[in-house]
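Keep the structure open while you read.

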Amino acid sequence: MLENIRIVMVNTSHPGNIGAAARAMKNMSLAELYLVDPVEFPSTEAALRATHAVDIVDKAVVSGSLAEAVADCSLVIGTSARERTMSWVVEKPREMAATALAHASQGKVAIVFGRERTGLTNEELSLCQRLVHIPTNPECTSLNVAAAVQVIAYELFNADLGESNYIVPEQLGDDQVAKAGQIQTLHQHFEQVMTEVAFFGSNNPENVMRRLQLFLNRAQPTRRELNILHGILTAMQKKL
Ligand code: SAH
């Protein structure tokens, strides 16, 4: 199932970190690397640091935004150097690996790594359904990004070796977990209808919309559930 795991690095500053991450991936049998708006890429430094994993660097897909890089993924997991508790299920790497592999049997799973200095923005985090935090010395919680890729990749490799007890929640039958891009489309549909019914008033739409996005992501809806919600929204639009 490791072939369905995608490592996504957002806005990486140092190309050496891209190379080191590729090497860490290859050691652990991961192959799919996406780079969102890398600061310096293609780069000789990245290729040099990758050594025998230069093929992963060569095949890396560059995208303009995180939303685009994960649109076809059934599960998007963010990484965080901080233990955030609000809104997300925060897992340890080992739990995350079991969850990720179970989902990887159904579709693509993205694991998203942030900028060296500032991590992921709130907007990027709100595209994630879960977060993983690598436990560390509380006085020094932030790993080098390629080192973080190594830890996560190692746990995935190990989980792939052994039997996992985690099963994708619910019997989905012929239904499927919705892709990140489909959840975004529903979120936009909500925004449209909420604007049409003048829901926002003096509320800050950005704040409300972000909360709604977090809620939708946390719920991990199936395609059929999304269709029901789209149906309700469309019926309301017709009545208006
Ligand atoms: N000051 C930033 C640190 C960024 S470290 C912040 O607080 O978010 C760069 C990236 O490495 C992070 O975005 C994350 O992808 C990864 N990383 C670093 N330490 C981590 C940890 N303890 N757990 C999970 N990911 C970590």
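The points below cover the ligand site, then the aromatic rings.

This is a predicted model. The ligand takes up the space of the largest pocket.

**Ligand surroundings**

- Ile134 places a backbone N or O atom 2.8 Å from a ligand nitrogen atom.
- A polar backbone atom of Arg117 is 3.1 Å from a nitrogen atom of the ligand.
- A polar backbone atom of Gly114 is 3.0 Å from an oxygen atom of the ligand.

**Aromatic pair**
- A pair of aromatic rings is described by the distance of the centres and the angle of the planes.
- The count of aromatic pairs here is one.
- The pair is formed by Phe199 and Phe200, with ring centres 5.8 Å apart.
- Their planes meet at 80°, and over 60 degrees counts as edge-to-face, so this pair is edge-to-face.
- Phe199 has 44% relative accessibility, so this residue counts as partly exposed.
- Phe200 has 10% relative accessibility; buried means under 20%, so Phe200 counts as buried.

**Charge over a ring**
- Which ring has the charged end of Arg6 over it?
- That ring belongs to Tyr34, and the charged end of Arg6 is 3.9 Å from the ring centre.

Notes:
Residues numbered from 1 in each chain as written. Predicted model: local features only at pLDDT ≥ 70, side-chain atom pairs only at ≥ 80, totals over all residues. Heavy atoms only, no water. Phe/Tyr/Trp six-rings, centres within 6.5 Å; stacked < 30°, edge-to-face > 60°. Buried < 20%, exposed > 50% of the residue type's maximum accessible area, 1.4 Å probe, protein only. Lys NZ or Arg CZ within 6 Å of the ring centre and 35° of its normal. Polar contact = N/O pair within 3.5 Å; in protein donor to acceptor, adjacent residues only side chain to side chain. 1 Å grid on protein atoms, 1.4 Å probe; cavity = no way out; pocket = protein on both sides within 12 Å on 5 of 7 lines; lining within 4 Å. Sits in = over half its atoms within 2 Å of the grid points.
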